[in-house]
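This briefing sets out the main features of the structure shown below, grouped by topic. Please read it with the sequence and the model in view.

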Amino acid sequence: MVNTRRKVAFRWWSRKSFWYWFFLSIFLLFIRFSKGAFLLDIFAVFSRPFWPGTAQKEWIVNGTNLEQQIRIDLLEKDNQRLRQILKLQNSSKKNQVSAAVISRRSKDFWQQLELNKGAKDGINAGDAVLGPGGLLGLIETVTLTTSRVRLLTAPATKLGVWIERSKVHGVLTGIGTNRPQLNFLEKMPDAKLGDIVSTSPVSTLMPPNLPVGVIQSIDEQNLPSPYAVVQLIASPEAIDWVRVQRSNEKR
Amino acid sequence: MKRDKNRILYKCLALLVPLMTLVSPTWLSISGVGPRWAELWLLPWALEEGPFAGLFAGFCLGIILDGLNLDGSSQIPALIFLGYWWGCLGRKRKYSDKSFVLGTLILFGSFLSGFSIWLQQSFQFQGSFFNVWALHTVLAGSIVSGLIAPLLCSLSLNTFFRGKP
């Protein structure tokens, strides 16, 4: 039973277990640094039969009517203003791609969606994701066939927004709850309950004037600056299809 | 021989952890928070294989889950600690046989791991530490895991490690 060839020389690289652990650690590191690329693509293949069907499309059409009205109003005013000043980033419906939600975790510590379209369809990190009603979140990471959305409600999601009526700017910050917090930049903001919050038209990162939500309550006593609680128009719990506003340039 | 086969099978079952995390069935959740599948897999493994196997398995699961979640907080420290702790508990067989004990271990373990994420997020995002939403999420996650743990963990313990010949 004694294997005499073993006594000739000891080579650490000829041991099977070394290579087992080596390749396992490479594999784990690959998964970690590609943000789960390999696993997510496998998941997309396996969950293909369970992707949501087309029945929800009618519902989306109904839901977009309200969004359309708000959008048209905002766009007209914005166009007049831009003609006076200068041209900024364009938002056109042509550059949108619709994607199905294949994994939804909207209430946990990590509030995110996985979409079934990825880099192959021209989606980049930082693109805006729209549901029926308005902005849902931003693309966080992209794999070949999937992409991950960071919802607006997720902790530490920050987005520059403004109130169109009074042209007050603020930072919309996710705090984990259903309603993100709008931190104003000035001491005495002209904001009222029911004001519509939309993405800021001076942003170079986001398409301008996507409706985000409605102000639900305002805390004017807060220091150093007041904040408002915003009810989002689009709700991620019930949405199976979203649209991704593709930006042309890579970031 | 059969035991080795069962161990390999159980290792392959670890792939279900990221998949179930992605699926996150809504009927198996309390206020939208699903069970912590990593702990549910880790407990039987650590109880049977000892502290260092548990520690290493916790590390591997943590790496995979961090890849699937948004950046900003890591589950690795909590899972490493839980793997080691449960491995030490597994030496005392009389504690870990009852399914009620399994449920309690999972309850405490998920609470600890949820609390570690709460700590990391409250340091990182400069939000207030006493956050009702974070408390709700931690409690919901640990309660739903603790409720299905007696079923799942004793099932996997009996199937893969302590099956009658």
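A nonpolar core is understood here as a set of buried Ala, Val, Leu, Ile, Met, Phe, Trp, Tyr and Cys residues joined through C-beta atoms within 7 Å. The model is predicted. Its largest nonpolar core has 79 residues, and helix α3 (residues 37–49) of chain B gives the most to this core, with nine residues.

**Nonpolar core**

- Val129(A), Leu136(A), Val242(A), Leu42(B), Leu43(B) and Leu61(B) are the residues with the most contacts inside the largest nonpolar core.
- At least three residues of this core are drawn from each of domain 1 (2–48) and domain 2 (97–250) of chain A.
- Leaving aside residues up to four places away in sequence, Leu136(A) touches Val129(A), Leu130(A), Gly131(A), Val149(A), Leu151(A), Leu152(A), Ala234(A), Pro236(A) and Val242(A).

**Contact between chains A and B**

- Between the chains, 24 residues of chain A are in contact with 25 residues of chain B.
- Four elements of chain A, namely α1 (16–33), α2 (37–46), β1 (96–105) and β2 (112–115), each supply at least two residues of the side that touches chain B.
- The largest share of that side, three residues, comes from α1(A).
- Sorted by class, the side of chain A that touches chain B has 10 nonpolar, six polar and eight charged residues.

**Helix α2 of chain B and its surroundings**

- The buried residues in α2(B) are Val17(B), Pro18(B), Thr21(B), Leu22(B) and Val23(B).
- These buried residues of α2(B) pack against α2, β1 and β2 of chain A, together with α3 and α4 (51–68) of chain B.
- Ser31(B) lies in the loop between α2 (16–23) and α3 of chain B, and the phi of Ser31(B) is near 45°, a positive value in a residue other than glycine.
- Ser31(B) counts as exposed because 12 other C-beta atoms lie within 10 Å, and a residue with 12 or fewer falls in that class.

**Helix α7 of chain B**

- Helix α7 (residues 132–161) of chain B has 30 residues and reaches 40 Å from its first C-alpha to its last, close to the 44 Å expected at 1.5 Å a residue.
- Within α7(B), a kink of about 50° lies at Ala149(B), shortly before the proline Pro150(B).

**Overall make-up and domains of chain A**

- Chain A has three helices and 12 strands.
- Of its 251 residues, 39% count as buried.
- Among the contacts in chain A with a separation of 6 or more, 59% are accounted for by residues 24 or more positions apart.
- The domain assignment of chain A gives domain 1 (2–48) and domain 2 (97–250), and 40 Å separate the centres of these two domains, taken over C-alpha atoms.
- The contact between the two domains takes six residues from domain 1 of chain A and eight residues from domain 2 of chain A.
- The side of domain 1 of chain A that touches domain 2 of chain A has three nonpolar, one polar and two charged residues.

**Lys35 of chain A**

- Lys35(A) is placed in the loop between α1 and α2 of chain A.
- Although Lys35(A) is not a glycine, Lys35(A) has a positive phi of about 55°.
- With 19 other C-beta atoms within 10 Å, Lys35(A) is partly exposed, because a residue counts as buried at 20 or more.

**Helix α3 of chain A**

- Leu82(A) lies in helix α3 (residues 56–84) of chain A, and Leu74(A) is also found in helix α3 of chain A.
- Leu82(A) counts as partly exposed, with 14 C-beta neighbours inside 10 Å.
- From C-alpha to C-alpha, Leu82(A) and Asp41(A) are 42 Å apart in space and 41 residues apart in sequence.
- Leu74(A) is partly exposed, with 19 other C-beta atoms within 10 Å.
- Leu74(A) and Gly194(A) are 120 residues apart in sequence and 15 Å apart in space, C-alpha to C-alpha.
- Not counting residues up to four places away in sequence, Leu74(A) touches Glu164(A), Ser198(A) and Asn209(A).

Conventions
Residues are numbered from 1 along each chain as its sequence is written. Chains are lettered from A and ligands numbered from 1 in the order in which they are written. This is a predicted model: local features need pLDDT of at least 70, side-chain atom pairs count only at pLDDT 80 or more; totals for chains, interfaces and linings use all residues. Domain bounds come from an automatic or database domain assignment. Two residues are in contact if their C-beta atoms, placed from the backbone, lie within 7 Å. Ala, Val, Leu, Ile, Met, Phe, Trp, Tyr, Cys and Pro count as nonpolar, Asp, Glu, Lys and Arg as charged, and the others, Gly among them, as polar. The expected span of a helix is 1.5 Å times one less than its number of residues. The bend at a residue is the angle between axes fitted to the seven residues ending there and the seven starting there.
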